[in-house]
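Thanks for asking me to look this structure over with you. Have it open beside this note and follow along point by point.

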Amino acid sequence: MVRTRFAPSPTGMLHVGGLRTALFAYLYARKHKGDFLIRIEDTDRNRFVEGGIEQIIDSLSWGNIKIDEGVMLENNAIVQKGEKGPYIQSERFELYQKYAMKLLESGHAYYAFDTAEELDKMREVQLASKQKQVYARASMRNSFTLSQEEVKNLLAAQAPYVLRLRIPENEMIEFDDLVRGKVKIHSSEVDDQILLKSDGFPTYHLANVVDDYLMEITHVIRGEEWLPSTPKHVLLYRAFGWQAPTFAHLSLLINEQKQKLSKRHGDVSVTDFKEKGYLPEALINFIAFLGWNPGDEREIFSLEDLTSEFDFDKVSKAPAVFNREKLNWYNRQYMMNMDLHEVTRRALPFFKHQGILDRDEIDDKEEFEVLKKIVNLERGRVDTLAELPAAVGFIFSDDLSYDPGLLVWKKSTVEDAKDKLQQIYNVLQADISEEMWNKETLEEHVISWIKENEYGVGDVLWPTRVALSGQKNSPGPFEIAEVLGKEKTLQRISNALKT
RNA sequence: GGCCCGUUCGUCUAGUGGUUAGGACAUCGGGUUUUCAUCCCGAAAACAGGGGUUCGAUUCCCCUACGGGCUACCA
């Protein structure tokens with residue numbers, strides 16, 4: 001039974017890199033009919049952000065990543081589900097104490113009483129003498145350098161202490177990584193990691209290992225930044241006598257400048273992309289392809305497709321640049337190919353935001369149908385949902401202001417343009433009833449009328465389109481006319497005649 | 001500084017000893033189209049460098065360079 005987990009700290013927004021890590025963990029679990037769980041790693045009380053947990057889970061569910069176990073949201077309230085809980089580390093406080101004590105008893109952990117200043121000094125000296133930057137066990141104040149008596153006294157006097165992991169001497173620590181293969185690090189490079197802080201809270205390393213074991217996690221899927229500390233984790237599993245899970249360390253997401261994706265250089269959080277009008281399907285598809293591919297030339301993958309095809313043997317080791325252009329392309333693909341009703345529904349909040357609508361839900365069926373047509377006009381011409389309201393703004397504007405010269409097609413003249421507009425006005429007025437007013441009928445009729453009169457198509461259609469849109473570039477005149485309806489269409493043509 | 005990880009077109013990548021090194025985004029050119037967008041066709045564009053191993057290296061090994069990560073009582 002495969003069990004994977006995503007274990008964020010509640011420090012605020014979910015980073016797109018975090019979304020990708022969660023996605024890969026989710027996909028792997030799904031593919032193997034296992035469970036995907038969420039655990040909150042809030043052992044650092046200084047980094048807690050109010051509402052952080054909700055936001056992260058919210059972002060995951062926006063991306064359609066379903067949580068099987070652990071921390072989730074129900075009616076916007078945090079709930080925990082599953083047999084292995086609690087799933088929030090601050091609620092598991094005693095547990096870590098207990099396991100830390102076991103390590104102490106078995107000699108894998110020891111007391112250390114050094115102050116922050118002493119540790120700073122140690123590092124300073126090491127740096128100056130070009131020694132390794134690891135805890136100098138032999139020259140600091142700890143179970144090794146102090147007598148049992150002294151340790152006992154310090155403890156009795158309630159002196160602050162930490163528990164450190166005793167790293168074995170002169171040993172090559174090896175582990176297999178699903179994306180990197182065999183990784184080896186010599187124990188002399190590994191620090192005597194603090195396991196229990198002086199405030200009694202565990203560090204990531206202890207809590208992570210204890211929880212992954214207790215929650216029966218089979219595959220630890222996380223970012224590359226954890227690779228250097230994995231030997232500590234391997235040693236911890238061994239010290240406890242537990243079998244270590246399988247590791248998979250994902251490469252990082254970087255920006256165009258090849259640096260770690262960060263807030264300073266633009267959008268990084270999932271909410272940013274949601275608010276910019278990206279479709280979750282597009283973001284997920286794009287992000288999955290940053291470091292993974294199916295091995296052939298297909299590019300459009302639904303979450304279901306990804307679930308069945310994802311595997312770590314096709315995950316690349318190199319970091320990937322988060323390229324906005326490609327994301328935009330994906331988003332367009334999804335906007336164009338998604339069911340119009342659905343796209344429109346999702347665009348509603350953006351229309352509201354732009355003040356075109358006064359609400360983000362529409363119950364009236366007819367009103368919604370009209371909006372669908374409006375959305376359809378521009379959905380293939382914009383990158384995101386957020387750009388839609390502005391793009392269709394001309395539909396809602398009752399007086400378009402544009403340079404009359406814009407009505408003139410190529411080498412034609414103002415007079416000719418107006419002549420054509422007057423003629424088309426008459427034709428539409430007389431020949432096409434309200435009932436027959438749709439783009440197919442309009443096009444059929446107008447085009448044959450143009451042919452009969454041997455007019456140039458552009459000579460008629462260009463001024464008509466400009467009269468209806470007021471813009472140099474826009475959808476075609478028949479599409480716009482359909483959305484506008486007969487009355488408004490004629491009104492706009494007549495307005496153009498007056499310019 | 002030390003350790004670890006990485007390196008194929010500008011970008012995402014395919015490729016696992018013998019290929020005209022393929023695709024996608026972006027770019028440029030052409031076509032369809034009343035404009036834009038779409039669509040179609042085409043072009044330019046890459047194996048970081050140096051040593052090995054081999055009949056033969058993008059592919060395997062080593063070194064160098066470059067990039068990144070870690071080096072906290074943060075995760």
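The points below go through the strands, the helix contacts and the annotated regions.

1. A word before we start: this is a predicted model. Please keep that in mind as you read the angles and distances below.

2. Let's begin with strands. Strand β2, residues 35–38, pairs with strand β3, residues 69–74, in the parallel sense, and two bridges hold the pairing. To find the place in your viewer, look for Ile38, whose bridge partner in β3 is Gly70.

3. Strand β3 has another partner as well. Five bridges join β3 to strand β4 (residues 77–81), and these two run antiparallel. Here Met72 has Val79 of β4 as its bridge partner. Which residue of the β3 and β4 hairpin takes a positive phi? It is Asn75, with a phi near 50°, in a hairpin that has two residues between the strands.

4. Next comes an open sheet. Three strands make it up, in the order β5-β6-β9, with antiparallel pairing. β5 (109–112) and β9 (194–196) are at the edges, each with a single partner strand, so one side of each has no neighbour in the sheet. From one strand to the next, the twist averages 45°. Between β5 and strand β6 (residues 162–165) there are four bridges, and one pair to look for is Tyr111 with its bridge partner Leu163 in β6.

5. Now for the helices. Two packed helices are described by the angle between their axes and the distance between the axes. Helix α1 (residues 16–31) packs against helix α9 (residues 280–288) at about 80°, with the axes 10 Å apart. An angle from 65 to 115 degrees counts as roughly perpendicular, and α1 and α9 are therefore described that way. On the α1 side, Val16, Leu19, Arg20 and Leu23 meet Ile284, Ile287 and Ala288 of α9. By class, this contact has six nonpolar residues, no polar ones and one charged.

6. Helix α9 also meets helix α11 (residues 324–337): their axes come within 8 Å and cross at roughly 135°. α9 and α11 are therefore oblique to each other, and the crossing is right-handed. From α9, the contact uses Glu281, Ala282, Asn285 and Phe286; from α11, it uses Lys326, Leu327, Tyr330, Asn331 and Tyr334. These residues divide into five nonpolar, two polar and two charged.

7. Another helix pair is α6 (residues 204–214) with α7 (residues 230–240), packed at about 50° with their axes 10 Å apart. That angle makes α6 oblique to α7, and their crossing is right-handed. His205, Asn208 and Val209 of α6 touch Lys232, His233, Leu236 and Tyr237 of α7.

8. Finally, two regions come from the UniProt record, an unreviewed entry. Over residues 8–18 the model has 27% helix and 0% strand, with the end C-alpha atoms 8 Å apart. The record also gives residues 343–497 as the domain "Aminoacyl-tRNA synthetase class I anticodon-binding". Over residues 343–497 the chain is 64% helix and 0% strand, and the end C-alpha atoms are 36 Å apart.

Terms used:
Residues numbered from 1 in each chain as written. Chains lettered and ligands numbered in written order. Predicted model: local features only at pLDDT ≥ 70, side-chain atom pairs only at ≥ 80, totals over all residues. Axes fitted to C-alpha atoms, helices over the stretch in contact; angles between N-to-C directions. Parallel < 35°, antiparallel > 145°, perpendicular 65-115°, else oblique. Left-handed = near helix turned anticlockwise from the far one by under 90°. Contact = placed C-beta atoms within 7 Å. UniProt positions renumbered as here; feature names shortened; annotations may be inferred. Pairing = 2+ DSSP bridges. Nonpolar A, V, L, I, M, F, W, Y, C, P; charged D, E, K, R; others polar.
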